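Me: I would like to learn how to read a few features of a protein model. Could you take me through them one at a time?

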Amino acid sequence: MKKILVVFFCMNVFWAFSQKCTYNIQGTIVDFHDGTAIDNATILIKNTNKFAVSDSEGNFTIANVCNGKITLVISHIGCKTSEKTIKIDRNYKGKFLLEHHSEELEEVTLKGKIVVKKVTSLSETVLSKKILENYSAASLGDALKEIAGVSSINTGNAIVKPMINGMHSSRIIVMNNGVRLQDQEWGIEHAPNIDLNSSENVSVIKGAGALAFGSDAIGGVVILNPKNPIRKDSLFGSTITSFQTNGNAYNIATSLHKTYKNGYFLDANATHKRFGDFRAPDYFLTNTGSASTAFSLNAGYKTFETGWNIFVSSVANEIGILGASHIGGIQDLVNALNSQQPLIQNDFSYTIDNPKQDVTHFIAKVSYFKRFQNIGKLTLQYDFQENQRFEYDRRIGENRFIPAVDLNLQTHTATADFLFDAKNSWTFQSGMLFRFQENVANPATGVRRLIPDYQKTDVGVYTTIKHEFSENWLFDAGLRYDFNFYGVKKFYQTSRWNALGYDVLFPELVIQDLGTQLLTNPELSFHNFAISLGAKRTLSDENSLLFNYTMATRPPNISELFSDGLHHSAARIELGSLTLNSEKSNRFSMSFLRENSSSKWQIDTYVNAIQDYIFIAPNGTEQTIRGAFPKWEYRQTDAILFGFDINIQKEFSENWGYSLNTSYIYAQDTENKMPIIDMPPFQMRNSISYKNTDWHGFSSTLISEFVGRQNRFPDFNFNQFIAKTNTTVLVDISTPPNAYHLFHINNTLNFDWGKHSKIQVSLNINNLLNTSYRNYLNRLRFFADDLGRNFQLQIKINY
């Protein structure tokens, strides 16, 4: 044994003396972006105590380095730590790069996580993962109502479309992991097909100033961000299950995340939701069940200098439409308006009958980025989307299995963006877009197609500039141009064509006369410009002001131009107009922000003057073979909207907190001197919260939600002769419902489960007092009350 120890000792002594430790490492630390020297950077040889600090010119020297492979760890305050492995067999001299600034973007902290904000001079609010998890079984529109100034326009309780400062539908851009969602062009009754469970956070930008996303976002931009991968070997995930009494619903959402130290990552998400008939306080809402299944896969490679990403997502929704809303004519509508309860009431069921929507949305994206030293970052992306929509009417015989609306929309988009960030105080970003879209309306439905066949081509270019003028002033500006082309094939009834005056205005569009029908081929071009100017003034460490002016234009969408026929899920006839022009918005906004360790204030004010504002409004009835139906027409006018949004968050102590969200909007048709239809009334949401970390992280929040009556509304009521009773009646489809006040309570506990896992249990009660109410912005308010009390149990497991 002694001989073995002696031999081992001699071998180690021989190895130590044979290794040369006489080499020097000389280097220069420079900023990757602009090549300037970085002083006071620390350069450490990993697993040793040998280090050096760079001088004012970025130079450093480490002496007496041994031969072999070593790893240098380079760090600096405000920089991302970098590691570089080199082989030492002689004196080494080289240049080392550090990322010295994070693209001059503003950041916010959400529960210890840094989120990059997308804009400087516009109001932007970020909803954290914790908030989104409370809406695991709900919709995007439901979650966004956490933000002051954001409401929704609904068709029942399952079709929820976001509304920002009174703007909705194609005036709002929804970005899902860098892909602009293409499924909202067919009317108000079509909500975004999004699985909230696949997003890490959601940003909401008010106004059209974020020109990198488009020139037509007169209302704003909603950005769903995926989890940011970390360069670390790890595997983790979570599962959320929830059960609720209203609708006897259940939901399960699971996610799994795998990351690697070398930059590769993989995220997988899957969700399934099932709802039966919901219940108002006094009765069941027959045929309001729904089923939803979603999955997504997000994989890629990401380092500071380069990376790629592949994203695939699929969302399938089957949504029942309230049975009582599917009227058979104007007499049914009059009866519904005069009844305090829905005309169709059945016992609870999970069955989803006609009328219903069956929608599938698929996304595939591939992107690549590369950083160039002393210049900036290039990003290339291609994405494909397919949206398949079926809408089923109440039909008899074999026709009940044939959808009344059968639309397939496919979209191809390619983008290229370059971020020039080599100068510390200047940031430039430019980009271009090409998009091709094709919609096919299946003629086998047996009814006149509500939306025609069309092809759409979009080409866009933009540039934005941001300059840090001083420590207290930050300026930004942007310019964008978009060209939109529609190539449409549409059949018009000859009588409709002549009644609208198109035989005089557009005779050249007719390519075939079939007697009672005309085949037309409209080819429409729109040139859209947008400009944005803004500034941020930092008043102190806690206070700042934002100023912004944006001029933006939005072309009319396909449904606004070409809707023609009975929209079965809305139980009304909708008529588009070929005479519509692009909307032009001039929006001025100013925001005050105050934030410190115990409170946060945000006050947003705005004025939005819109030329040729497009809206849909009722205009009497029209007779069909099924009876008379309300007729709604797309129109244009000049409008002005102004209002305010206030958000206050205050922590009184470690245990108690308070928050307030309130908003008001005044919207006026300046051409016809009357209010604008479908604008949200005054709203106020207060909450008081208590938390105690010693009680398994217990938290409880009592929420008060007040929605006022909309006293400013246009009068589109009309008189209608009812042949069955030989009377003429007033059809009141304009008068808003009364104000209402709801209370909700949310409770949460956290438990350790094993060494690395945690369980979170939440018990939430919505509409605590089981209040009966109707929402002015719910399109089915004519037929039934909104939802009654709901108990929800949610269990989240982190592993």
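Me: Where does arginine 279 lie relative to phenylalanine 284?

Reply: A charge sits over a ring if NZ of Lys or CZ of Arg is within 6 Å of the ring centre and within 35 degrees of the ring normal. Here arginine 279 lies over the face of phenylalanine 284, 4.7 Å from the ring centre. Tryptophan 632 has a charge over its ring too: the charged end of arginine 779, at 5.3 Å from the centre. Keep in mind that this is a predicted model, where local features need pLDDT of at least 70, side-chain atom pairs count only at pLDDT 80 or more, and totals for chains, interfaces and linings use all residues. Residues are numbered from 1 along each chain as its sequence is written, and side-chain values use heavy atoms, with hydrogens and water left out.

Me: How many aromatic pairs are there?

Reply: Rings of Phe, Tyr and Trp (its six-membered ring) pair if their centres lie within 6.5 Å; planes under 30 degrees apart are stacked, over 60 edge-to-face, and the rest tilted. By this rule there are 29 aromatic pairs. One of them, tyrosine 502 with phenylalanine 506, is edge-to-face, with 5.5 Å centre to centre and 65 degrees between the planes. Tyrosine 740 and tyrosine 773 make a tilted pair, at 4.4 Å and 35 degrees. That pair links distant parts of the chain, 33 residues apart: tyrosine 740 is in strand β46 (residues 740–753), and tyrosine 773 is in the loop between β47 (757–766) and β48 (790–798). Strands (E, at least two residues) and helices (H or I, at least four) are DSSP runs, numbered from the N terminus.

Me: Are tyrosine 502 and phenylalanine 506 buried or exposed?

Reply: Buried means under 20% relative accessible area, exposed over 50%, and partly exposed in between (1.4 Å probe, protein chains only). Tyrosine 502 counts as buried because its relative accessibility is 3%, and phenylalanine 506 is buried at 18%.

Me: What is asparagine 269 in contact with?

Reply: Contact means heavy atoms within 4.5 Å. Leaving aside neighbours within four places in sequence, asparagine 269 is in contact with Asn197, Ser198, Thr254, Ser255, Ala294, Phe295 and Ser296. Asparagine 269 is part of strand β20 (residues 264–275), and its relative accessible area of 10% makes it buried.

Me: And the backbone: which residues does the cis peptide bond join?

Reply: Most residues other than glycine have a negative phi, and most peptide bonds are trans. In this model a cis peptide bond joins asparagine 354 and proline 355, with omega about 5 degrees. Proline 355 is in the loop between α4 (330–338) and β25.

Me: What about phi of serine 169 and of histidine 696?

Reply: Serine 169 has a positive phi, near 60 degrees, and is located in the loop between β13 (167–168) and β14 (172–176). Serine 169 is buried, at 10% relative accessible area. Histidine 696 also has a positive phi, near 55 degrees. The loop between β42 (683–692) and β43 (698–707) holds histidine 696, which counts as partly exposed because its relative accessibility is 49%.
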